[in-house]
Amino acid sequence: MPSSYQAPSRKDKMHATTHSQTPDTNLKHETATVRKILDQKGSDVYSLRPQNTLHEAVVMLRDKRIGAVVVKDSEGKLQGILSERDIVRRLAETPGQTLPQKVEDIMTTAVEVCHPEDALITVLRKMTDGRFRHLPVVEDDGLVGIITIGDVVNYRLTELEYEALQLKQLIVG
């Protein structure tokens with residue numbers, strides 16, 4: 001052995017080292033949150049006022065290709081949510097008289113909400129148990145987005161595809 005060789009000592013490990021990716025770092029599971037969906041999707045939220053008509057709501061839902069719209073007051077505070085289901089139920093109850101009615105007459109006022117830091121699994125459970133597909137996202141008493149059950153499912157499917165690819169690369173390696 002050359003005379004300049006020195007066996008590693010504990011002191012050597014005290015220096016900053018770099019680490020290559022490992023299966024642990026590649027497959028490390030972070031808690032998926034609502035914020036991750038909003039980061040990808042954006043925070044666009046379409047809204048109406050309680051005094052708008054259901055006709056205006058139907059036109060917005062059609063034109064924006066969305067399934068629900070939030071209802072806000074003149075100061076921008078969340079007052080309710082109106083979904084396609086709400087409108088269809090009212091159409092069945094008042095055929096031919098529905099579209100002139102006000103949004104405030106049929107909107108859901110006890111709105112379930114979530115926060116950007118909420119875990120997606122918790123949000124998915126809330127949506128499934130409550131049987132609703134749209135969930136406004138609030139932060140500091142302000143509306144910052146809306147997520148759908150489809151957003152959550154799509155995020156999870158993408159996550160599963162990535163995990164499967166990583167495992168395949170690890171096995172084939």
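Biologist: Which order do the elements run in from the N terminus on?
Modeller: Happy to start there! This is a predicted model, where local features need pLDDT of at least 70, side-chain atom pairs count only at pLDDT 80 or more, and totals for chains, interfaces and linings use all residues. Residues are numbered from 1 along each chain as its sequence is written, and side-chain values use heavy atoms, with hydrogens and water left out. Helices (H or I, at least four residues) and strands (E, at least two) are DSSP runs numbered from the N terminus, and the protein has six helices and five strands, in the order α-α-β-α-β-β-α-α-β-β-α.

Biologist: How many of the 173 residues, as a percentage, count as buried?
Modeller: Buried means under 20% relative accessible area, with a 1.4 Å probe and protein chains only. Of the 173 residues, the share that counts as buried is 30%.

Biologist: Is H2 roughly parallel or roughly perpendicular to H6?
Modeller: Axes are lines fitted to C-alpha atoms, for helices over the stretch in contact, and angles run from 0 to 180 degrees between N-to-C directions. Helix H2 (residues 34-41) and helix H6 (residues 149-172) pack at about 95°, with axes 11 Å apart. Angles under 35 degrees count as roughly parallel, over 145 as roughly antiparallel, 65 to 115 as roughly perpendicular and the rest as oblique, so H2 and H6 are roughly perpendicular.

Biologist: Which residues in H6 does H2 meet?
Modeller: Contact means heavy atoms within 4.5 Å. From H2, Lys36, Ile37, Gln40 and Lys41 take part, and in H6 they meet Asp151, Val152 and Tyr155.

How values were computed. Buried means under 20% relative accessible area, exposed over 50%, partly exposed in between (1.4 Å probe, protein chains only).
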